[in-house]
Amino acid sequence: MPDDLHFMQRALELAASTTALASPNPQVGCVLVQNGRIIGEGVHLYEAHDHAEIAALKNAAALGHAVKGATAYVILEPCSHTGRTGPCADALIAAGIGRCVVATGDPNPFVHGSGLQRLRDAGVEVTLGVLEQPARELNDAFAHFIQTRTPFVTLKAAISVDGKLAPPPTDRAPGKPHWITGPEARAEVQRLRHASDAVLTGINTVLADDPAYTDRTGLPRRRPLLRVILDTHLRIPLDSQLVRSASTGGTPNEDLLIFCGISASASKIAALEDAGAEVEPIVSHNGRLSLPAVLTDLHDRAIVSLLLECGSHLNGSFLAQRLVDKVVLFCSETELGEAALPFASGFPSPFLLEQSLRRTTHTLFGPPDRPDSCLTGYLTDPWPPSVL
């Protein structure tokens, strides 16, 4: 129905406004409609506790609107269990909602469908699947996290037209990044960082580029972007941008986490911790830090979404171990040549990845005469099959 699309689109817009403010919970918007007009709206903000449905009911009450018989548009199935708040399905029933339009079911296999069934049992008319795909895309990371107990991993890379990641070291100035793509594509990378709980790279990238890996969008965040470095032997310089920005006025910013080997230098650990970094020794596998162990640790820190901005070795390792869920490749018209660094160790060409991707999209960034292209696609489906 046209009205359903219109009001669900508004609920999606509300949910999208909570990027970096709802994690580790999902992004949810709710709109209450009576006689064809909106009488209440709400979103879920983690710090505010209230789920979107409760916030919308409170908003309608504050505006003096009666909600009995109204229609609720919500992008995720109203919950049926008690967590930090009570069940939203019960709250909608108690308010006298006559109809509930839902974009997608709850991805949690233990509660999938139970909220919808509770509404139906109470006589509320339920419509499911309106704008399902965009609602799911907004909460891909949450869907993956709640089922697998690991972060949703997105591999981002900028590559040349001949599929290379960076010029050979002999052609680069030490500690200086080499930009392959233009400013418009790099601005999109900042938006990807803003939508992520953490960004991860390896020590070789740190030594080559001296990056800061900050969220420079200027948009609000509930918690700082966690910058994660894999550094087996703790070679990270104390004067690197990452370490120098790990504290403010002597107080740790709690945004720099360095994973190292079990036998890493105790004195270097102490120096890094004095500078404000958190250093976490972790098990190794075949002489390299265990990537599954890293992901498990990040899950325990409630890191729902992880953005990889790595060099060739880590790109190859994450892909070879099937730990990547989504791929975002920015491709420029620059040619770097045969001696340049490959996109991923052990992978002949990044363009072969496209054959393995699902739900691919292509977008352009930059001037019309020389834009950078962006390929986005999924290696895994974060959502369970719907049986509702």
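Which exposed residues does the face of helix 1 turned away from its buried side carry? That face carries P2 and H6, where exposed means over 50% relative accessible area, buried under 20% and partly exposed in between, with a 1.4 Å probe and protein chains only.

## Basis of the description

The model is predicted, so local features need pLDDT of at least 70 and side-chain atom pairs count only at pLDDT 80 or more, while totals for chains, interfaces and linings use all residues. Residues are numbered from 1 along each chain as its sequence is written, and side-chain values use heavy atoms, with hydrogens and water left out.

## Helix 1

Helices (H or I, at least four residues) and strands (E, at least two) are DSSP runs, numbered from the N terminus. The expected span of a helix is 1.5 Å times one less than its number of residues; for the 15 residues of helix 1 this gives 21 Å, which agrees with the 21 Å between its end C-alpha atoms.

The buried residues of helix 1 are D4, F7, M8, A11, L12, L14 and A15. Seen down the helix axis, these buried residues fall within an arc of 160 degrees, so they line one face of helix 1; the arc is that of the directions from the helix axis to the C-beta atoms.

## Aromatic pairs

Rings of Phe, Tyr and Trp (its six-membered ring) pair if their centres lie within 6.5 Å, and planes under 30 degrees apart count as stacked, over 60 as edge-to-face and the rest as tilted. By this rule there are three aromatic pairs. One of them is the tilted pair of F7 and Y73, with 5.4 Å from centre to centre and 40 degrees between the planes. Because F7 lies in helix 1 (residues 2-16) and Y73 in strand 3 (residues 71-76), the pair ties together parts that are 66 residues apart in sequence. F7 counts as buried at 6% relative accessibility, and Y73 counts as buried at 4%.

Another tilted aromatic pair is formed by F152 and Y378, at 6.5 Å centre to centre and with 45 degrees between the planes. F152 belongs to strand 6 (residues 152-159) and Y378 to strand 20 (residues 372-378), so this pair ties together parts that are 226 residues apart in sequence. F152 is buried at 4% relative accessibility, and Y378 is buried with a relative accessible area of 5%.

## Charges over rings

A charge sits over a ring if NZ of Lys or CZ of Arg is within 6 Å of the ring centre and within 35 degrees of the ring normal. The ring of Y378 has the charged end of R359 over it, 4.0 Å from its centre, and R186 lies over the face of W179, at 4.4 Å from the ring centre.

## Helix 11

Seven of the 10 residues of helix 11 (residues 291-300) are buried, so this helix is largely enclosed by the rest of the structure. Among its buried residues are L291, V294, D297 and H299. After helix 11 comes A302, whose phi is positive, near 65 degrees.

Two strands pair if DSSP finds at least two bridges between them. Strand 1 (residues 29-34) and strand 2 (residues 37-43) run antiparallel and are joined by six bridges, and Q34 has R37 in strand 2 as its bridge partner. The two strands form a hairpin with two residues between them, and N35 in the turn has a positive phi of about 55 degrees.
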